[in-house]
Every structure is written in structure tokens, then in C-alpha cells.
Amino acid sequence: MSIEIRVRKLMLSGERRFELDVAFEARASRVALFGPSGAGKSLTLRAVAGLLRPDAGRIAVGNRVLYDSAAGICLPSQARRVAYLFQDYALFPHLTVAQNIAFGLRRGWRNPSRRGLPPEAARWARAFELEAILGSYPAEISGGQKQRVALARALALEPDILLLDEPFSALDAQLRARMRKELDALQRQLDVPMLLITHDPADVSALADEVFELHEGRARGVANARIA
């Protein structure tokens, strides 16, 4: 599945000015945007997810156009079939693991039931070996389990693409290395393209087949996934 991202956005805050002008097309299923803080990585990811509207450009995942300024297309975030995994996983502390996984499948404001799981959620609970902790709360489980719960919740929505925002930045070095291996193994089992943003070369080496380096709001292709 191809990923086309061409976005322009001028950000103004007081006397500060930042211009995002990113354009690239990827055909690998594991793509990384690599660069330092402030390079425009998160802005690009937010544009894909529909959380930031560009001034101009085009965003397409496969044959689905999510945004095209020339054609007047701008799908709302809930219609984009995009799963966004935040840095802190954004689990609801007052909901059980089962309720967290099922949360996006229910319309309206009511929390999911504590009894049973919809088939879409149960599938990923089994796949990620979470069945033993379905009744636990986020504060009661490990960092690795939290990531798997967040992934299960995201994938239960059957997205066209999975967006990962610095997924290991809050972890210590030992846990970070273990979680990279676990996410690599999980992603290889999935038929879902992944777009990862990171400032860590180790993430790129472990998780990306195609890399674009961002610097001051611009992107350039990198020949391979090995960044020194």
C-alpha cells in the first residue's frame, strides 16, 4: 500500500514562525519519519490523522484520499480509518483493559460494558495475549502490557494505517530495547502499514524499511533504514 503525504502549513505564535512543507511518497509497509524535536514530525502525523488541517496539499493512503486541498476533500478524523498510538498510550485509567480495548467501537458517551468483548476487540485481546488481564486497570499492568492494550484498541477499529508517535520515548533504555523487539514482532504479524515518528536511530533500524529525514519542516529520503 502506498502512502502519499504532501502538506504545507504555516504556524505562527507571537514572533515565532514555522513552515511545514513536507512532500514524500512511500511504498514500504514500515515507514519512519526521523529527525530532532521541532522538525515537524508530530505536525505531519497530526495532519495524516486529521487533527491538523494543512493550508494546502494532499494525503492519501492506498487509493483512499484523506485530504486534497485542490479537490476540496478533507475527511474528518473519525472517517479516516487511521489508528493513532500516542506516546503515553492514552489509556483511560478508570476503565479496565477490556473496556479500553472496546472503547472506540461504541458510539456515544457511555463507557463500554464490563461484560464481554465485541468480536473485533476479542480478536486482538487473544492475539496480544491480554485475556488474563482483561479485568485489570492500567495502573495494575506493565509498560509492555499497556502498549499491547493500546495497540489492540487501535487495531480493533480495523484501520488502514497505524501511526506511532515516539512510542518508546518515555521508557528507560532496557525496556525500550525489549519493547522495540516486541513491537517489531507484532507488526510483522499484522497486515497494517505503519508510519512511525522518532528521533532515535535505534527505532529506525529496528522498525523501518523506508525512512524520511525531517529537518526544519522539510523531508528528504534516506537510502536505507540505517541512520548513524
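Biologist: What should I know before I start?
Modeller: It's a predicted model, where local features need pLDDT of at least 70 and side-chain atom pairs count only at pLDDT 80 or more, while totals for chains, interfaces and linings use all residues. Residues are numbered from 1 along each chain as its sequence is written, and side-chain values use heavy atoms, with hydrogens and water left out.

Biologist: Okay, which residues touch the most other members of the largest nonpolar core?
Modeller: Ile101 and Phe128, out of 39 residues in that core. A nonpolar core here is a set of buried Ala, Val, Leu, Ile, Met, Phe, Trp, Tyr and Cys residues joined through side-chain atoms within 4.5 Å. Buried means under 20% relative accessible area, exposed is over 50%, and partly exposed is in between, using a 1.4 Å probe and protein chains only.

Biologist: And which helix gives the largest share of this core?
Modeller: Helix α4, residues 143-155, with six residues. Helices are DSSP runs of H or I with at least four residues, strands are E runs of at least two, and both are numbered from the N terminus.

Biologist: What does Ile101 touch?
Modeller: Not counting residues up to four places away in sequence, Ile101 touches Ala121, Ala125, Leu130, Leu134, Val149, Ala152, Arg153 and Ala156. Contact means heavy atoms within 4.5 Å. There's also another core apart from the largest one, with 29 residues, including Leu43 and Ile197.

Biologist: Switching to strand β8, how many of its residues are buried?
Modeller: Five of five, for residues 161-165. Ile161, Leu163 and Asp165 point one way from β8, while Leu162 and Leu164 point the other way.

Biologist: Which strands does β8 pair with?
Modeller: With β7 (residues 82-85), parallel, over four bridges, and with β9 (residues 194-198), also parallel with four bridges. Two strands pair if DSSP finds at least two bridges between them. Ala83 sits opposite Leu162 of β8, and Leu164 is opposite Leu196 in β9.

Biologist: What covers the buried residues of α5?
Modeller: The cover includes β3 (30-34), α4, β8, β9 and α6 (201-207). Among the buried residues of α5 are Leu175, Met179 and Leu183, plus Arg180 and Asp184.

Biologist: How many aromatic pairs are there?
Modeller: Four. Phe24 and Phe212 make a stacked one, 4.4 Å centre to centre with 25° between the planes. Rings of Phe, Tyr and Trp (its six-membered ring) pair if their centres lie within 6.5 Å; planes under 30 degrees apart are stacked, over 60 edge-to-face, and the rest tilted.

Biologist: Where do Phe24 and Phe212 lie?
Modeller: Phe24 is in strand β2 (residues 16-26) and Phe212 in strand β10 (residues 210-215), so their pair ties together parts 188 residues apart in sequence. Both Phe24 and Phe212 are buried.

Biologist: Last one: is Arg6 buried or partly exposed?
Modeller: Partly exposed, because its relative accessibility is 34%. Arg6 lies in strand β1, residues 3-13. Leaving aside neighbours within four places in sequence, its contacts include Phe24, Glu25 and Arg58.

Biologist: What does the Arg6 side chain make a polar contact with?
Modeller: The side chain of Glu4, at 3.0 Å. A polar contact is a pair of N or O atoms within 3.5 Å; within protein, one must be able to donate a hydrogen and the other to accept it, and residues adjacent in sequence count only if both atoms are side-chain atoms.
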